[in-house]
Amino acid sequence: MEKLGMERVVEALKEIVGEKNVVYEREKLEDYLRDETYPMLRLKPAANVVVVKPLNAEEVSRILKFANEHRIPVFPRGGGTGLVGGAVPTREGIVLTTERMKGIEIDRENLMATVGAGVTLEELIKASEEAGLFFPLHPGDETAHIGGLAATNAGGVRAVKYGVMRNYVKGLEVVLPTGEILNLGGKLQKDNTGYDLLDLIVGSEGTLAVITKVIVKLHPKPGASATLIAPFNSRHEAVGTVPKILQSGIIPLAIEYAERELMEKAAKHIGEEWPVKEGNCYLLIIVVGENRDQVLYESQKIAEICEQNHSLEILFAEPKHEQEKILRIRSAALPVLEAEGMVDGLDTAVPPAKIGEFLDKIDKIAEKYGTSFPVAGHAGDGNIHVCIMKREGVNLEEYAEKLRHEIYEAALELGGTISAEHGIGGVRLKSLPLYLSEKEIDLMRQIKKVFDPNGILNPGKKIP
Ligand SMILES: Cc1cc2nc3c(=O)[nH]c(=O)nc-3n(C[C@H](O)[C@H](O)[C@H](O)COP(=O)(O)OP(=O)(O)OC[C@H]3O[C@@H](n4cnc5c(N)ncnc54)[C@H](O)[C@@H]3O)c2cc1C
């Protein structure tokens, strides 16, 4: 196939989406060349890239047909908040951004919304609330797009009660790398027709198809909520309480694990004060319910379980502004860690009842290397982010690689995984064979080939 020069690519794209929706001037490209991957791990973007902003599936189809015919790599991009370099154009080619694909149609009768791939999480939360409904999923950055959330199968703080993005996606409009448009699933609670292509595309990180519309499940808006902070003197007591809460039959919206030093710094970072004075580590628990009585009842039960497990005095926050402040502080942990020289924040998960054992192993690794690992995470899901910090006088890349490997091994020994919610992108590829067998990787390669015979869609990502 004839290899086209970038000028001809730009002309062809302008014909499809109009001149103002194609960006190729170097100074305007910067925002499209990276995502939110931790600085030390960032992938190098290719020098010669053009950005295209299609409006709908038909335009995406024409772009992909053209790219496929000329074997031009295409890198789908949502909000660019990914943490593994998934949206970074690592080869000369086209960045396809979903930012113009807007539109939210709320269907109250069926408790569903049909959402353009480029709608931000913030926009969907707001529209749902205005309709008296609730979209609970909440990974930390609300500028993420709904297409991106589906493509990464995002998780976040509120997955304990309602699950990860896969649990919300009921239908998808997608465009295959060869240009065909498919509508998968629909406003259905049950659908067992054929292989589940919809579930295959959720979490495929832009390597199998471009998602242009998503049908998501919504929930009735809770009538009341409360946030509890249960302080503990030891990690073990804190994380050991998590399975006991879950076994009680009360499922909170969120159960987060956090440590004192980091929370105090995070609070200071945003000009607030961390409201708890006791304990070294905490469970942050969010309870939602139909009404206040239900929330008070469930909070009381959870408080009793925490106390039986030696929690110190529990903070109970009910006013909205107090609850929001706690979450804001929790969300400021990442910028603080980055400012303090975080080299990597791993995305390991273990079965929730094994978190204590996992943290013991982490402590041993820290001791062996004479360091410490700040730890935070979604304890209710067994998803613990272990942070590797900068160190003077060592080759940082080698040092981080060694630690990463040992921490991953520790998770795997307990039946865990190396990527719970952030995905693989281009950054975690090297570690994939630790978790997946050769056969599994081979099957995945074959699936990729069926969807994308010429390997044009997000090449070099997700599978080695
Ligand atoms: C401060 C902060 C906190 C975060 N906390 C969490 C968290 O708690 N849990 C969590 O899961 N994640 C978290 N993330 C990561 C990130 O927000 C999620 O991975 C999110 O789902 C990415 O969405 P995006 O639209 O920004 O995707 P992008 O970064 O633009 O892309 C991510 C991947 O999806 C592909 N993609 C994007 N859109 C499409 C599409 N329409 N069709 C096909 N492929 C597409 C891209 O090619 C890429 O591979 C956090 C990020 C930040 C910066």
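Two strands count as paired here if DSSP finds at least two bridges between them. Keep that in mind for the close-ups below, which all come from a predicted model.

**View 1. Strands β2 and β4 run side by side in parallel.** Here we zoom in on β2 (residues 49-52) and β4 (residues 93-97), joined by four bridges. Look for Val50, which sits opposite Ile94 in β4.

**View 2. Zooming out, β2 and β4 belong to an open sheet of four strands.** Reading across, the order is β1-β2-β4-β3, and the pairing is mixed. Strands in a sheet pair through backbone hydrogen bonds, either parallel or antiparallel. The edges are taken by β1 (22-23) and β3 (74-77); each has a single partner strand, so one side of each has no neighbour in the sheet.

**View 3. Helices α1 and α3 lie across strands of the sheet.** Helix α1 (residues 6-17) lies across β1, β2 and β4, and runs at about 0° to β2. Helix α3 (residues 57-69) covers β2, β3 and β4 instead, running at about 165° to β4.

**View 4. Helices α13 and α14 cross at roughly 155°.** The axes of α13 (residues 355-368) and α14 (residues 396-413) come within 9 Å. Angles over 145 degrees count as roughly antiparallel, so that is the label for this pair. The crossing is right-handed. On the α13 side, the contact is made by Phe358, Lys361, Ile362, Ile365 and Lys368; α14 brings Leu403, Glu406, Ile407, Ala410, Ala411 and Glu413. Sort the residues of this contact by type and you get seven nonpolar, four charged and no polar.

Notes. Residues numbered from 1 in each chain as written. Predicted model: local features only at pLDDT ≥ 70, side-chain atom pairs only at ≥ 80, totals over all residues. Heavy atoms only, no water. Axes fitted to C-alpha atoms, helices over the stretch in contact; angles between N-to-C directions. Helix = DSSP H or I, 4+ residues; strand = E, 2+ residues; numbered from the N terminus. Parallel < 35°, antiparallel > 145°, perpendicular 65-115°, else oblique. Left-handed = near helix turned anticlockwise from the far one by under 90°. Contact = heavy atoms within 4.5 Å. Nonpolar A, V, L, I, M, F, W, Y, C, P; charged D, E, K, R; others polar.
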